[in-house]
Amino acid sequence: MFKRFGLLIATNLAVLALVSIVMAIFGINPSTYGGLFVFAALFGFGGAFFTLAISKWSAKRATGAYVIKDPRDESERWLVNTVRRQAEQAGIGMPEVAIYDAPEINAFATGANRNNALVAVSTGLLRSMTRDEAEAVLGHEVAHVANGDMVTMTLLQGVLNTFVIFLARVVGRAIDGYLNGGRDNGGGGIAYFAIVFVLDMIFGLFASMIAMWFSRYREFRADEGGAALAGREKMIAALERLAQTYGQSTMPKTIAAFGISGGVGHGLKKLLMSHPPLEERIASLRNAPPSRDSVRQGIVA
């Protein structure tokens, strides 16, 4: 936990330093609204893309995943061969294939682009699922890669980060000016920073709701992709098997949104869930027209 916290702090400091250098070189003044927006965009997108760039490395470290280079047994050969076949069907480069130790049934995909990705499965999945079910889960993860979900999620997060940073400071300046009797002190007082901190939390909550809405939407698309690559009944059976450990996860939060199984939430918490309820995903597949079972229509590039 402390290593991940330290990495987060180091990442933010590195991005902040880079943004400050870039703005100084181009003479951009963050005290103006134009300069503030540039600062927000550089920091918002910079952090998102830096996280994407190190996503494979950080996922391996966070989960302790073992990347299969030379399969040691028949099970590992089957995993690699299945991912290779599905990647060819989906028209993407061969991802790295890995196994990580976790008791629950889960898997995830990550990577900076469609031709340099990582697909990993838990030991719990290998113990609990049949080959047909595991094939569907692998298809789901390959579909995430083929759909470009990691990059799309990064772009969305960059836009949301930008507007959270910008709006919090614009509104913070307005409130701080009002509390100071209409005097503009440049947003440098303690009250201003306290107001911005609170606004960052509030706007960030709404931004998270938007990001998680998209995350839930892409899970339906990845399920369709898994059905296209492995077969609809296999995908449905895999989702039904997930119910055995549904809501349980030892996966780090930084990559949980890219797993096949998510948490359980109700009320407001449901709006912050990265995955739709399993019953909704199963119903969506059962009600899908037969034409969606083709790779071309099931995976959206």
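The buried residues of α9 pack against α6 (131–146), α8 (190–230) and α11 (278–287). This is a predicted model, in which local features need pLDDT of at least 70 and side-chain atom pairs count only at pLDDT 80 or more, while totals for chains, interfaces and linings use all residues. Residues are numbered from 1 along each chain as its sequence is written, and side-chain values use heavy atoms, with hydrogens and water left out.

**Helix α9**
- In helix α9 (residues 232–242), R232, M235, I236, A238, L239 and L242 are buried, that is, under 20% relative accessible area with a 1.4 Å probe and protein chains only.
- These residues lie on the same side of α9, because they cover an arc of only 160° around the axis; the arc is that of the directions from the helix axis to the C-beta atoms.
- An α-helix has 3.6 residues a turn, so residues three or four places apart point the same way.

- Leaving aside residues up to four places away in sequence, L125 touches E104, I105, N106, A107, A134 and V137, where contact means heavy atoms within 4.5 Å.

**Strands β3 and β4**
- Five of the five residues of β3 are buried.
- From β3, A107, A109 and G111 point one way, and F108 and T110 point the other way.
- β3 pairs with β4 in the antiparallel sense over five bridges; pairing requires at least two bridges found by DSSP.
- A hairpin of five residues joins β3 to β4, and T110 stands opposite L118 in β4.
- Helices (H or I, at least four residues) and strands (E, at least two) are DSSP runs, numbered from the N terminus.

Technical notes
Buried < 20%, exposed > 50% of the residue type's maximum accessible area, 1.4 Å probe, protein only.
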